[in-house]
Amino acid sequence: MAKTNIIVPEGVQTDYTSVIVSYSNGIDSTGALYWALQEFPKEKIFLLYCDTGLEYPENIKMFYQTAKFIGVKPILLQHPKGFLDLLLEERLKWPDMKNRWCTAYLKTGVTDHWIRTHRDILGTKCLFISGERRDESRSRAKLPEIEYHSTTLKTKRVADFICHWYRPCLDYEKGKMFEQGQKLGLEPHFCYEYLDRCSCMACMFMSDKHAVENMKRYPHQIRPYIQAETKLAHTWKKNKSLEELWEQCMDIDDVEDMQEVITDGSTKEKT
Ligand code: SF4
C-alpha cells in the first residue's frame, strides 16, 4: 500500500530531485498539476496516468496531449491484466468499499512498482502529489496533507530514497480546480458535461444514473462487464446489476444492434 500514515513532520520541502503528479485527466488531479507547476521546474515533473482498462477510450490520447502541451514527461502505467481480466480470472467479485482491489492493483500497485524500479531517474528524494479534496468524502476529509509514501526506503542499505506524498488540494473546493485548469489552458474532461466525477466509466461508486449515461455513450465498452456479471454470478453493486441498468436504458433496437455486433465479433461503432 502506498499510504503509510506516517506524517512528515517538517512538511513539504523544496529540494526534491523529482516530482510525480498522479493524473487521471480529472479536474482534481489538474489542480494537483497546477500546484506542482507553481512550485517546481517542469524538468522535474512526471505526469503519471494509470489506465485501469475501464477508462474512457479517449483518455490515453488526452493524457499524452496534456503532457505535451504543458511540457512535462508522461508516464502511462497499465496492469498486464486490466480490470476485466482481473475480475474474471483472479478476483471473481466486483470491488466494493471493503475490498477496493481495483485501486490496489490497477493504480497503487502499478505506481509503487514503477517508483521502485525507476529510482535511477527519480533521484534520492521524490515528491508524489495527488489531488484529493476533503469535501469529496468522509474518508478523504481525514487524509493527512503530507505523509511518507510506502516506496521510501527505511535504510540506505539498498539505495538512498525518500518519497513524500503531498495533497495540495485538500482544502480547495471543486470550482477552484476548474479555475486552475483554465489557468493552465486545459479544457475540463468532456465527462463533466454530464457527470460530477471523472472516474472509471462504470465505477461501482458512481450513481446508477451516471453509469447509465456512460452506458448509452459507450455500449461496446460496457457490454463485456455485463457479460462478466453473468459469468461470475456477482453483480456490479450489491443491489444493482449493470444488466438491469442496461435494460432500462437501451431500447429494443439498440439491444438487437449490439447483439449483431457481438455475434459478428466486430468492434465497429454503430451508425
Ligand atoms: S474509479 Fe472506481 S472502478 Fe476505477 S479504480 Fe477507482 S474505485 Fe475502482
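**Helix packing, domains and ligand shell**

Helices (H or I, at least four residues) are DSSP runs, as are strands (E, at least two), and are numbered from the N terminus. The model is predicted: local features need pLDDT of at least 70, side-chain atom pairs count only at pLDDT 80 or more, and totals for chains, interfaces and linings use all residues. Residues are numbered from 1 along each chain as its sequence is written.

The axes of helix 3 (residues 82-91) and helix 9 (residues 219-232) come within 11 Å and cross at roughly 10°. Axes are lines fitted to C-alpha atoms, for helices over the stretch in contact, and angles run from 0 to 180 degrees between N-to-C directions. L84, L87 and L88 of helix 3 meet P224, Y225, A228 and K231 of helix 9; contact requires C-beta atoms, placed from the backbone, within 7 Å. Six of these residues are nonpolar, none is polar and one is charged. Here Ala, Val, Leu, Ile, Met, Phe, Trp, Tyr, Cys and Pro count as nonpolar, Asp, Glu, Lys and Arg as charged, and the others, Gly among them, as polar.

Helix 1 (residues 27-39) and helix 7 (residues 174-183) have axes that come within 8 Å and cross at roughly 60°. Helix 1 is therefore oblique to helix 7. The crossing is left-handed, meaning that the near helix is turned anticlockwise from the far one by less than a right angle; clockwise is right-handed. Helix 1 contributes I27, D28, T30, G31 and Y34, and helix 7 contributes K174, K176, M177, F178, Q180, G181 and K183. This contact holds four nonpolar, four polar and four charged residues.

Helix 8 (residues 208-217) packs on helix 10 (residues 242-249) at about 65°, with axes 10 Å apart. Helix 8 passes helix 10 in a right-handed crossing. The contact pairs D208, A211, V212, M215 and K216 of helix 8 with L245, W246, Q248 and C249 of helix 10. Six nonpolar, one polar and two charged residues take part.

Domain 1 spans 18-192 and domain 2 spans 201-264, with bounds from an automatic or database domain assignment. Their C-alpha centres lie 28 Å apart. Each domain gives 12 residues to the contact. On the domain 1 side, nine are nonpolar, none is polar and three are charged.

The ligand is surrounded by residues including T52, R100, K107 and C203, with the C-beta atom, placed from the backbone, within 6 Å of it. The shell comprises seven nonpolar, three polar and two charged residues.

Methods: Angles under 35 degrees count as roughly parallel, over 145 as roughly antiparallel, 65 to 115 as roughly perpendicular and the rest as oblique. Two residues are in contact if their C-beta atoms, placed from the backbone, lie within 7 Å.
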